[in-house]
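Please read these comments with the structure open beside you, and look up each place as it comes up. The points are meant to be taken in order.

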Amino acid sequence: MTTVAIIVAAGKGERTGSSVPKQFAPLAGRPMLCWSHAALAAHPAIDRVVVVIGEGQDALLAEALPGVIGVCGGATRRESVARGLAAIAGADRVLIHDAARPFVTAAVIDRLLAALDSHEGAIPTLPVADTLVAADGANVPRAGLARVQTPQAFSFESIVKAHADWQGDEPTDDAQMVRALGGSIALVQGDAMLEKVTFAEDFAAAQARIGWDTRTATGFDVHRLEDGEELWLGGVKIPHHQGLSGHSDADVALHALTDALLGTIAAGDIGQHFPPSDPQWRGAESGQFLQHAASLIAARGGEISFIDVTIICEAPKIGPHRGTIQARIAELLGLSTDRVSVKATTTERLGFTGRGEGIAAQAAATVRVPGVSL
Ligand code: CTP
Ligand code: MG
């Protein structure tokens with residue numbers, strides 16, 4: 001039995017007022033379409049996901065989902081679905097989903113597919129909680145009413161026939177077409193996560209629905225002090241009779257900080273991303289390592305909340321440079337300085353830092369990332 005999901009993403013998203021059609025606009029760090037595509041593609045019962053896009057949206061699709069080829073949609077949602085159906089001949093079951101509903105849960109898919117055992121179609125619904133009135137203000141009894149969401153599931157045969165035979169006005173979903181032919185449609189429990197993004201303000205509400213995860217991670221690094229080297233600390237060149245040696249500029253503070261940032265998204269450590277064995281990092285400015293870690297967090301839809309770095313050395317004195325270092329790190333990360341803490345300490349002349357053989361740094365970073373990851 002072959003089950004295919006069709007995501008209709010061929011609309012213009014005019015009601016959002018944004019220049020980019022909403023399905024390609026960023027939501028929690030990804031184009032909105034990526035969220036439902038990932039959820040449907042990951043479901044074990046779904047064999048294939050087909051994306052229907054509008055004319056001229058190929059570049060947007062290529063950027064959002066590299067390697068995914070879109071089916072060209074039509075002027076209306078119904079036409080876009082019909083073109084998707086035409087592209088999946090031979091399927092047994094189909095799930096039809098709006099890209100405008102980014103967060104699809106596996107539980108809803110399970111309920112829909114289970115209902116197909118005994119029905120031609122199945123739709124997720126939620127109860128109406130608000131009091132309803134007609135345009136003239138007359139009360140509309142809400143008992144027995146439900147709000148309809150997508151994905152909607154159908155036997156392939158029923159939905160293809162329903163589309164071919166449809167005569168009425170432009171339908172707002174697919175189930176009504178199957179029902180018009182006498183097909184039975186099961187109502188299964190929907191999910192508040194499936195709420196549609198229609199207007200500009202719905203983006204913030206969608207982000208709030210998946211919530212944020214707060215993560216904290218730490219980093220630590222040491223480099224040796226040697227004659228004839230420059231001393232770079234926190235992206236600032238500091239006058240001193242010795243400098244730190246290492247493959248890159250050996251900026252111990254930025255290295256500790258980079259590791260802390262990588263740690264927040266469990267992305268390994270600086271040596272994995274910038275191997276010391278790779279000649280291209282010889283003498284490299286460590287600011288780029290830090291910015292790379294920050295870009296990985298941004299790509300996850302994350303934001304840096306706060307960073308804290310401690311430089312451990314006997315000399316030079318860090319105090320006079322603290323503000324410059326703080327400003328430089330803030331600049332590298334595009335943060336306000338009140339989110340960047342720079343501290344220094346000695347080890348009371350004990351150990352390798354106390355003897356001036358090297359400088360150590362430790363850092364902590366706190367970020368928030370969308371509460372659900374792809
Ligand atoms: N859709 C489609 N083809 C169309 C129109 C809509 O594939 N010709 C898709 C949209 O991309 C969306 C879903 O159908 O995923 C639901 O439509 P809607 O929320 O109305 O999206 P848009 O039509 O893009 O938005 P608007 O009506 O505000 O322009
Ligand atoms: Mg529309």
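**Notes on the predicted model**

1. The crossing of helices α3 and α5 is left-handed, a term used when the near helix is turned anticlockwise from the far one by less than a right angle, whereas clockwise gives right-handed. The contact joins R78, V81, A82 and L85 of α3 to F156, I159, V160 and H163 of α5, where contact means heavy atoms within 4.5 Å. These contact residues of α3 and α5 divide into 6 nonpolar, 1 polar and 1 charged; here Ala, Val, Leu, Ile, Met, Phe, Trp, Tyr, Cys and Pro count as nonpolar, Asp, Glu, Lys and Arg as charged, and the others, Gly among them, as polar.

2. Before going further, please note that this is a predicted model, in which local features need pLDDT of at least 70 and side-chain atom pairs count only at pLDDT 80 or more, while totals for chains, interfaces and linings use all residues. Residues are numbered from 1 along each chain as its sequence is written, chains are lettered from A and ligands numbered from 1 in the order in which they are written, and side-chain values use heavy atoms, with hydrogens and water left out. Helices (H or I, at least four residues) and strands (E, at least two) are DSSP runs, numbered from the N terminus.

3. The crossing of α10 past α11 is right-handed. On the α10 side the contact is made by G287, L290, Q291 and A294, and on the α11 side by I329, L332 and L333; sorted by kind, the residues of this contact are 5 nonpolar, 2 polar and no charged.

4. Where does S248 lie? S248 is found in the loop between β16 (242–245) and α8 (252–264), and at 11% relative accessibility S248 counts as buried, a word that means under 20% relative accessible area, with exposed over 50% and partly exposed in between (1.4 Å probe, protein chains only). The side chain of S248 makes a polar contact with the side chain of H255 at 3.3 Å; such a contact is a pair of N or O atoms within 3.5 Å, of which, within protein, one must be able to donate a hydrogen and the other to accept it, and residues adjacent in sequence count only if both atoms are side-chain atoms.

5. Please check two backbone features as well. The peptide bond from T150 to P151 is cis, with omega near 5°, and P151 sits in the loop between β10 (146–148) and β11 (152–155). Phi of A28 is near 50°, a positive value in a residue other than glycine, and A28, at 7% relative accessibility, counts as buried.
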